[in-house]
Amino acid sequence: MNKLLLIAGFVLLTSFGVSTEYGQDIQSFIEGDTLKTLAPKEEHPSEAYVITNLLNRIHYRKLPLSDSISSVIFNSYFESLDPNKAYFFKSDVAEFEKYRYELDDQIPEGKLQFAYDVFDVYRRRALDQIDYVFTLLETEFDFSKDETYVFDREEADWPENSEEQNEIWRKIIKNQALSYKLAGREWDDISESLTKRYQRIQKAIYQYNSEDVFQSYMNAYTSSYDPHTDYFSPPDAENFQIDMSLSLEGIGARLMQNLDYTQVAEIIPGGPAYKSKQLQKDDKIIGVAQGDDGEFLDVIGWRLDDVVSKIRGPKGSVVRLQILKASEGINALPDTLRLVRDKINLEQQAAKSEMIPITEGNTTYNLGVITVPSFYLNFDELREGKEDYRSTTRDVKNLITKLQEQGMDGLLIDLRFNGGGSLQEAIEMSGLFIPDGPVVQVRNYDQSVDKMDDEDGGEVFYDGPLAVLVNRGSASASEIFSGAIQDYKRGVIIGESTFGKGTVQNVIDLSRYIRNPELNLGQIKMTLAKFYRVTGSSNQRVGIAPDVQFPSIYSPEDFGEASRENALPWDEIAGAKFKPVNMISEELLDHLNTLYRDDLNSDEDLQKLARDIEKAKENRNRKSVSLNLETRRAASNNDEDDLATAVDNSDLPDQADIDEKLKKDPYLKEGLRLLAAMKKFKIG
C-alpha cells in the first residue's frame, strides 16, 4: 500500500475550515527549506534482495521474476505516484520506457535508482502544478459556463504538454471550488481554504524521504504478486498504519495512509463505527469536527497521526466525520457521520442475541437472531489454561441455550460486515450445527493440503431451522462458516454474495534475515496459503453465493476481492470426503425464492431499498460531472435523501421496538420472514 501523500484531484468536497496560523506555518516551512535529493538508504539493497528471495520461495503464487513482472512493476509504480494521470507528461513516461523490462534484473541486485529518478520527476511536476493551483485561486471561476469535468481518467493518457496539463488542473480545482460553492461558501473563503490545502500538500512533498520512495517502489513490486502482499516501513518511519492499541479507543476504526487520504483499514467489531454500519473498510475520511457544533477541518493531505489525534477523544464525546464512501466509487459525494466515542473491549465485540417474533398467517414464530461481529478467541486466556476462556463458539453456544429456553422456533446467524478472524473459531462454530467432518481445506505455498475438521465428537448442538445472513462485507472466516453450512446442506444462506477473500497472509520481519542491530528494517506481509471449501472449490474472487440473493449496492468489479488488481484466481482442488446432512432441499430453496420475489413486489421497505441501490449504482458509473453551478445544484436537489447521516449508539433500535428495527433493516426483516417460512415448510 502506497503511503505517499499525493493529490487525487477528482475528489468532491464540502465545507471545512483551517486555521490561519496553520497556513502560515506551512508557508514559512516551504520558504525555509530546499528540495533534497533522495537516494536509497544503506539497508535498502539488502531488503530488496531478501524480499525477492521470500517471494520466490514462499509466496503462494509461484511467479518467476520475469520481463512480464517487470512491466507490471513499471506500470504500478507510475500509477501509484500519478493515479489520475495529472502530473507526468507523456514524454516523462516515455523517457523511462527503456527500463520497463529491466526491473526484474535490477531489484534482486539492489539496484534501485530507477525508483528515485522517477520520483524526482514526479516531485518536480507536482510542485510545478501546485504553483499553478495558487495562480488559479487568485480569480473566481465562472460557474455559469457549461463545462464538464471528466474525473475518471483511467483510460486517458498522460498530458502531452503543460498546456494540456494545466487544463486538467483547471477543471480539477474548479470542481473542488464548485463543491464548496454548493455548500454556501463565498469565493474569498473558498480560495483561502483551497490555498491552505495545497500549501499543506506542498509541505508534504518537501518532507518525502528515502523510506517513502522505497516503500512505494517495493509495494509496486509486491502487489504484482497479489494485492495482500505488502512491504511495511520500519515502525518509526510513521505515516502508514497506526498501532492497533491506539485504534481501540475513540470510534473503533483502524486507519492507514493511502495517497493523500486517511483511509479505513478495518472496523473494530463492537465499536461506534461498527454499530453505525455507516463507516466501512476502504472509506476515506476527509474532514473531522468536534462535538455537534464544531467546525470541520479539511484533513486531506494531513499526516496520519495528526488525523488520529483529531478523531480520538474521551469516551462519551461526539466526533463528526466527513467521509467518501468506497462503495460509491470515484464519484462519491461527501457523507456526514456523527459518532459517540467509546472504549472498545472484548465484551462489545462479542456475539449478541435477541428474540424477534414474526407472524406468518395465523402463526407467530419466535425467531432467534445471533449477531457475530467477528470470529474472536482470547489467546491469552487459552495459553494460560483458563477453562472458561472467551471465544465466539462458546458465546454462541451459550446464546443458543438461552434462546432455546425462551422457546426459539428458528435461528438466524447474522454475519453481515463480519470481516473474519480466527480460523479455529470458524471451524468450531461450524461444528455446533454439523456432525464430525471437514469444514475447510488449506493449500499451502508448497502445494500441500491440510483438511481442517470439526472435532467435537459428532455432537450437533443445534439441529433446528437455520439461516445465515451475509453481505459483501462478510469475508474470510465468515465465508468459511457460511460455505460449510451451505455445502453440508444444513442451513440457508441469505443476502448478498460475500467478499471473496480466500487467501491467508503472515507478517515476516526482515530483521530475521538481515542480522544487523544498527539497521532499522521493515516487514513484509505475504500470502502463504489459500482456502478451499470441502467441495474443492475456492471462494477466492467469487465469494459465497447465497441461496436467496438480495439486491446489492456492490458489484464484484467495484468492491470485493475480484475488484483488486492481481488478485489470485479462482480454482479448485480435489474435494474432501464429507456427508451432507441434506436438511435443505431444492424444493425448499425454490419455495423460499418464490416467497422472496413476492415480497420484493409487495414490501415497501424492500422496494425503496432496491431503488436506492439502483440509484447508487448509476451515480457510481458516472465518469464526469457538470461544472455549471445551476446544473449541479439541480442534480443535488433531485436526490431523494439527505446525504448526511447522524448515528449515535443511543439511536440504535431498542430490542422491544421490533417494528421500527425491522423497518430500518429490510434485509434482516426479509431474512426472518424466510426463516419463518422454513419452519412452516418443515411443519407442513
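The following legends describe close-up views of a predicted model.

**View 1. Packing of helix 3 against helix 6 in the predicted model.**
Helix 3 spans residues 67-81 and helix 6 spans residues 113-136; their axes come within 11 Å and cross at roughly 30°. Because angles under 35 degrees count as roughly parallel, helix 3 is classed as roughly parallel to helix 6. The crossing of helix 3 and helix 6 is right-handed. Helix 3 contributes F74, Y77, F78 and L81 to the contact, and helix 6 contributes F114, A115, V118, F119 and Y122. By class, the residues of this contact of helix 3 with helix 6 are 9 nonpolar, no polar and no charged.

**View 2. Packing of helix 7 against helix 8.**
Helix 7 (residues 162-182) and helix 8 (residues 187-207) pack with their axes 10 Å apart, at an angle of about 125°. This angle makes helix 7 oblique to helix 8. The crossing of helix 7 and helix 8 is right-handed. On the side of helix 7, the contact involves W169, I173, Q176, A177, Y180 and K181, which meet W187, I190, S193, L194, R197 and Y198 of helix 8. The residues of the contact of helix 7 with helix 8 divide into 8 nonpolar, 2 polar and 2 charged.

**View 3. The salt bridge between E140 and K181.**
Side chains of opposite charge can pair when their charged atoms come close. In the salt bridge of E140 with K181, the closest N and O atoms are 3.3 Å apart. E140 lies in the loop between helix 6 and strand 1 (148-150), whereas K181 belongs to helix 7, so the pair ties together parts that are 41 residues apart in sequence. A search of the whole structure finds 36 salt bridges.

**View 4**

**View 5. The hairpin of strand 14 and strand 15.**
Strands of a sheet pair through backbone hydrogen bonds, either parallel or antiparallel. Strand 14 (residues 437-444) and strand 15 (residues 449-454) pair in the antiparallel sense, over 6 bridges. Q441 stands opposite K451 in strand 15. The hairpin has 4 residues between the strands, and Q447 takes a positive phi near 75°.

**View 6. Packing of helix 18 against helix 19.**
Helix 18 (residues 586-602) and helix 19 (residues 604-621) pack at an angle of about 85°, and their axes are 6 Å apart. Helix 18 and helix 19 are therefore roughly perpendicular to each other. From helix 18, D599, L600, N601 and S602 meet E604, L606 and Q607 of helix 19. The contact of helix 18 with helix 19 has 2 nonpolar, 3 polar and 2 charged residues.

Note on methods. Residues are numbered from 1 along each chain as its sequence is written. This is a predicted model: local features need pLDDT of at least 70, side-chain atom pairs count only at pLDDT 80 or more; totals for chains, interfaces and linings use all residues. Side-chain values use heavy atoms; hydrogens and water are left out. Two strands pair if DSSP finds at least two bridges between them. Helices (H or I, at least four residues) and strands (E, at least two) are DSSP runs, numbered from the N terminus. Axes are lines fitted to C-alpha atoms, for helices over the stretch in contact, and angles run from 0 to 180 degrees between N-to-C directions. Angles under 35 degrees count as roughly parallel, over 145 as roughly antiparallel, 65 to 115 as roughly perpendicular and the rest as oblique. A crossing is left-handed if the near helix is turned anticlockwise from the far one by less than a right angle, and right-handed if clockwise. Contact means heavy atoms within 4.5 Å. Ala, Val, Leu, Ile, Met, Phe, Trp, Tyr, Cys and Pro count as nonpolar, Asp, Glu, Lys and Arg as charged, and the others, Gly among them, as polar. A salt bridge is a side-chain nitrogen of Lys or Arg within 4 Å of a carboxyl oxygen of Asp or Glu.
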